[in-house]
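Here are my notes for anyone opening this one for the first time. Have the viewer ready and go through the points in order.

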Amino acid sequence: MTTLVIGGGVVGMSVAYGLLKQGIRVTVIDGSDTDARASRGNFGLVWIQGKGAKAPHYAAWSRSSAKLWQGFAQDLKEVTGIDISFSQIGGVEYFTDADELQQDAADLQGLRDHFKGDYPFEVLEHSRLKQLVPEIGPKVVGGIHSPMDGHVNPLLLLRALSAAVQQMGGRLQTGAKVTDITGADRAYTVTLETGERLEGEALVLAAGLGSADYGADLGFEAPVRPQQGQVLITEKLPFFLKYPSGRIRQVNEGGVQIGASKAETGADTTDLPTLQELARYAVDVFPLLEHVQLVRSWAALRVMSPDGLPIYQRSAKYAGAHFVTCHSGITLAAAHAGLLPDWIQDRNTAPDLSLFSESRFNV
Ligand SMILES: Cc1cc2nc3c(=O)[nH]c(=O)nc-3n(C[C@H](O)[C@H](O)[C@H](O)COP(=O)(O)OP(=O)(O)OC[C@H]3O[C@@H](n4cnc5c(N)ncnc54)[C@H](O)[C@@H]3O)c2cc1C
């Protein structure tokens, strides 16, 4: 039995890797370089604090992924020899606005109450935060430290997944744009731009923004929209930033990454006012960044569902077709590799993902 995975971004590749680990035959079909590819333009966070503030089931799902991340990174290294620079010593969110700090702290307290105390974080006012992170500037009013957070090099993650999938016998077809999918129960035929046809008994639609084109054929709504994020990166600096934050982190190669903005547009181009705003915030938090060189900026498109939460949907039209999407594919990569394959195969060990189905959009 072959499972066709449409989309070779981090979501499709994590799922493919997980299926291969369970002995399933997999073919991943990935489109062209002109496609939007969030997996190549993201911020690299395995981020938990604040996630699912209004949706505790999402907070719990994200945390279950974060708990699997260490083993996932280790596994990838054993299979491929690639160290993806994963670190999970915790993260710090920095605030220059006291009201914002208070609001975020209240959201986290709500989650802590929901999880009956099992939701570790600490709110630090300026002087205590300065003991932890001496480089912060005077405009920082405080921060929130959470031991649940981490970060990774997302491009190395994608490279490792791609190597792992192939080493484990998966077929990875790149530059292979799908132009048609025909389905029947446990019988799928995918036609590529080249005219080539691929067949499988099961199918996972994980084509990011491209999923919208094929949802209806397979019985999904696939209501995804693009949300733009812009990112800046500095020249390589001596390592000083121990803790990643949601908006600033020092990557394993030394550059400081700043971002990511949020704009409801499908344009994947940067603009100066947005980049200036990102840079201003970074200098407010870390004044030492004021005179460093910026070497690169880019924009990429997030894959957003109407409520920003993942969608895991089995097709009501055909047996064996699944739709998978999320806007935190790095954070959720370990769960997608470790937990989702059971759900795809409808095993009784599968996590209950019913709250993430598309039916939530139709109430
Ligand atoms: C600026 C920014 C910052 C982010 N930061 C973080 C972060 O810190 N942490 C985190 O967890 N997440 C983050 N994300 C989100 C994360 O990057 C995405 O959740 C993830 O990359 C989505 O992966 P994907 O595989 O669903 O989509 P994509 O990476 O977009 O991949 C979709 C793939 O499908 C293929 N495809 C599309 N149509 C077709 C077709 N017709 N035929 C064949 N193939 C097709 C494309 O070629 C593409 O390779 C960020 C995103 C952005 C934009």
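**Notes on the model**

1. Let's start with charge. The protein carries 32 positive and 40 negative side chains, and the centres of the two sets are 4 Å apart. In that tally Lys and Arg are positive, Asp and Glu negative, while His and the chain ends are not counted. Each charge is placed at NZ of Lys, CZ of Arg, CG of Asp or CD of Glu.

2. A word on what you're looking at. This is a predicted model, where local features need pLDDT of at least 70 and side-chain atom pairs count only at pLDDT 80 or more, though totals for chains, interfaces and linings use all residues. Residues are numbered from 1 along each chain as its sequence is written, and side-chain values use heavy atoms, with hydrogens and water left out.

3. Now the overall build. The protein has 9 helices and 18 strands; these are DSSP runs numbered from the N terminus, helices (H or I) having at least four residues and strands (E) at least two. Along the principal axes, the C-alpha atoms fill a box of roughly 60 × 45 × 40 Å. The radius of gyration is 21 Å, which agrees with the value near 21 Å that a compact globule of 363 residues would have. That radius is taken over C-alpha atoms, and the globule rule is 2.2 Å times the number of residues to the power 0.38.

4. How much of the protein is buried? Of the 363 residues, 54% are. Buried here means under 20% relative accessible area, exposed means over 50%, and partly exposed is in between (1.4 Å probe, protein chains only). The accessible surface comes to about 15,600 Å², and carbon and sulfur atoms own 50% of that. The areas come from the Shrake-Rupley method with a 1.4 Å probe, and for residues only the protein chains shown count as cover.

5. Taking contacts (heavy atoms within 4.5 Å) with a separation of 6 or more, 72% are between residues 24 or more positions apart.

6. Back to the charges, this time in pairs. Side chains of opposite charge can pair when their charged atoms come close. A salt bridge is a side-chain nitrogen of Lys or Arg within 4 Å of a carboxyl oxygen of Asp or Glu, and the count by that rule is 14. One of them joins Asp30 to Arg37, with the closest N and O atoms 2.7 Å apart. Both of these residues are buried.

7. Lys139 pairs with Asp284, N to O 3.3 Å at the closest. That pair links distant parts of the chain, 145 residues apart: Lys139 is in the loop between H4 (126-132) and E6 (142-146), and Asp284 is in H7 (residues 272-285). Arg225 and Glu264 also meet in a salt bridge, at 2.7 Å from N to O. Here the partners are 39 residues apart, Arg225 in E13 (residues 225-236) and Glu264 in the loop between E15 (255-259) and H7. Arg225 is partly exposed at 29% relative accessible area, whereas Glu264 is exposed at 53%.

8. Next, look at Thr3 in strand E1 (residues 2-6). Is Thr3 buried or exposed? Thr3 counts as buried, because its relative accessibility is 1%. Beyond neighbours within four places in sequence, its contacts include Leu19, Val26, Ala202 and Val204.

9. Glu201 sits in the loop between E11 (197-200) and E12 (202-205). With a relative accessible area of 33%, Glu201 is partly exposed. Leaving out neighbours within four places in sequence, Glu201 is in contact with Met1, Thr2, Arg186, Ala187 and Tyr188.

10. Finally, check some backbone details. Most residues other than glycine have a negative phi, and most peptide bonds are trans. Yet the bond from Gly259 to Ala260 is cis, with omega near -25°, and Ala260 lies in the loop between E15 and H7. Ser85, in the loop between H2 (56-80) and E4 (91-95), has a positive phi near 55°. Ala222 also has a positive phi, near 45°; this residue is in the loop between H6 (215-218) and E13. Ser85 is partly exposed at 24% relative accessibility, while Ala222 is buried at 3%.
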